[in-house]
Amino acid sequence: MAAAGPAGESPSRGKRADAQRNRETVLAAAAEVFVSSGVDAPIRQIAARAGVGMATIYRHFPTRADLVTALYRHQIEACAEAGPNLLASAGSPLDALRQWIDLFVDFLVTKHGLADALQSDSDRFAALHSYFLDRLLPVCAQLLDAAVEADDIRAGTQPYELMRGIGNLCIGHDNDPRYDPRRLIALLLQGLQQPHTP
């Protein structure tokens, strides 16, 4: 029987936890590097940002496509999990919707580059796009429904059209520093709000 580690864990469980931490660190570093330098940034730049050796990256992600796919899925999951948490903690359903859309925009800014990197593998990209819709549409629907029920926004906005509209507003952000999609997205949200008579 293996001896327990300092925290009462077996060595193999401790190694798994370390491996998981390394993986999360690499994904966070890759997200930052891809936003600042593009998806073709050298792997050594990601390793330096993560504070790990290149061998650690290749152990988790043998190819760049593996890293891009894992990052895409990781960010979808983070965005999906944030919705219910924001509904529980925000001051109102409208605040929760606003904060979630802000996270969604952060995701989209990274996603455009990731999507370009995956175009060469259309099967992989199609599967990820389906996963994106399957995970995020219900979250967006939950937030919209809560905001309608609280009388914060008008009924009738479909989750897909809202997400698609926000996605379209984010296009062009990468190559035009004068364009800030968040300002137009704020106007879009303002237009959804229920007019309240004083």
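Biologist: Is glutamate 32 buried, exposed or partly exposed?
Modeller: The model is a predicted one. In it, glutamate 32 has a relative accessible area of 43%. Buried would require under 20% and exposed over 50%, so glutamate 32 counts as partly exposed.

Biologist: Which residue forms a salt bridge with glutamate 32?
Modeller: The partner must bring a side-chain nitrogen within 4 Å of a carboxyl oxygen. Here the closest N and O atoms are 2.8 Å apart, and the residue that forms the salt bridge with glutamate 32 is arginine 49.

Biologist: How many residues apart in sequence are the parts that arginine 49 and glutamate 32 tie together?
Modeller: Arginine 49 lies in helix H2, residues 43-50, while glutamate 32 lies in helix H1. The pair therefore ties together parts whose separation in sequence is 17 residues.

Biologist: What is the relative accessible area of arginine 49?
Modeller: Arginine 49 is partly exposed, a class that lies between 20% and 50%. The value for arginine 49 is 44%.

Biologist: How many residues apart are aspartate 18 and arginine 21 in helix H1?
Modeller: The side chains of aspartate 18 and arginine 21 meet in a salt bridge, with 2.1 Å from N to O. Both residues belong to helix H1, which covers residues 11-37. About one helical turn separates aspartate 18 from arginine 21, because their spacing is 3 residues.

Biologist: What is the relative accessible area of arginine 21?
Modeller: Aspartate 18 is partly exposed at a relative accessible area of 39%. Arginine 21 is partly exposed too, and its relative accessible area is 49%.

Biologist: How far apart in space are glutamine 20 and histidine 60?
Modeller: In sequence, glutamine 20 and histidine 60 are 40 residues apart. In space, C-alpha to C-alpha, the separation of glutamine 20 and histidine 60 is 9.6 Å.

Biologist: Which residue meets glutamate 77 in a salt bridge?
Modeller: Glutamate 77 counts as partly exposed, at 21% relative accessibility. The side chain that meets glutamate 77, at 2.8 Å from N to O, is that of arginine 135.

Biologist: In which helix does arginine 135 lie?
Modeller: The side chains of glutamate 77 and arginine 135 meet in a salt bridge. Glutamate 77 lies in helix H4, residues 64-89, and the pair ties together parts that are 58 residues apart in sequence. Arginine 135 lies, within residues 122-149, in helix H6.

Biologist: How many salt bridges does the structure hold?
Modeller: The pair of glutamate 32 and arginine 49 is one of them, and the pair of aspartate 18 and arginine 21 is another. For the structure, the number of salt bridges is 7.

Biologist: How many aromatic pairs does the structure hold?
Modeller: Rings count as a pair if their centres lie within 6.5 Å. By that limit the number of aromatic pairs is 5.

Biologist: Are the rings of tryptophan 100 and phenylalanine 104 stacked, tilted or edge-to-face?
Modeller: The ring centres of tryptophan 100 and phenylalanine 104 are 5.4 Å apart, with planes at 5°. Planes under 30 degrees apart meet the criterion, so the pair of tryptophan 100 and phenylalanine 104 is stacked.

Biologist: In which helix do tryptophan 100 and phenylalanine 104 lie?
Modeller: Tryptophan 100 and phenylalanine 104 are both buried. They are 4 residues apart, about one turn, and both lie, within residues 93-118, in helix H5.

Biologist: What is the angle between the ring planes of phenylalanine 104 and phenylalanine 132?
Modeller: Tryptophan 100 and phenylalanine 104 lie in helix H5. The ring centres of phenylalanine 104 and phenylalanine 132 are 6.2 Å apart, and the pair is stacked because its planes are at 20°.

Biologist: What is the relative accessible area of phenylalanine 132?
Modeller: Phenylalanine 104 counts as buried at 1% relative accessibility. Phenylalanine 132 is buried as well, with a relative accessible area of 6%.

Biologist: Over the ring of which residue does the charged end of arginine 73 sit?
Modeller: The limit for this arrangement is 6 Å from the ring centre. The charged end of arginine 73 is 4.1 Å from the centre of a ring, and that ring belongs to tyrosine 131.

Terms used: Residues are numbered from 1 along each chain as its sequence is written. This is a predicted model: local features need pLDDT of at least 70, side-chain atom pairs count only at pLDDT 80 or more; totals for chains, interfaces and linings use all residues. Side-chain values use heavy atoms; hydrogens and water are left out. Helices (H or I, at least four residues) and strands (E, at least two) are DSSP runs, numbered from the N terminus. Buried means under 20% relative accessible area, exposed over 50%, partly exposed in between (1.4 Å probe, protein chains only). Rings of Phe, Tyr and Trp (its six-membered ring) pair if their centres lie within 6.5 Å; planes under 30 degrees apart count as stacked, over 60 as edge-to-face and the rest as tilted. A charge sits over a ring if NZ of Lys or CZ of Arg is within 6 Å of the ring centre and within 35 degrees of the ring normal.
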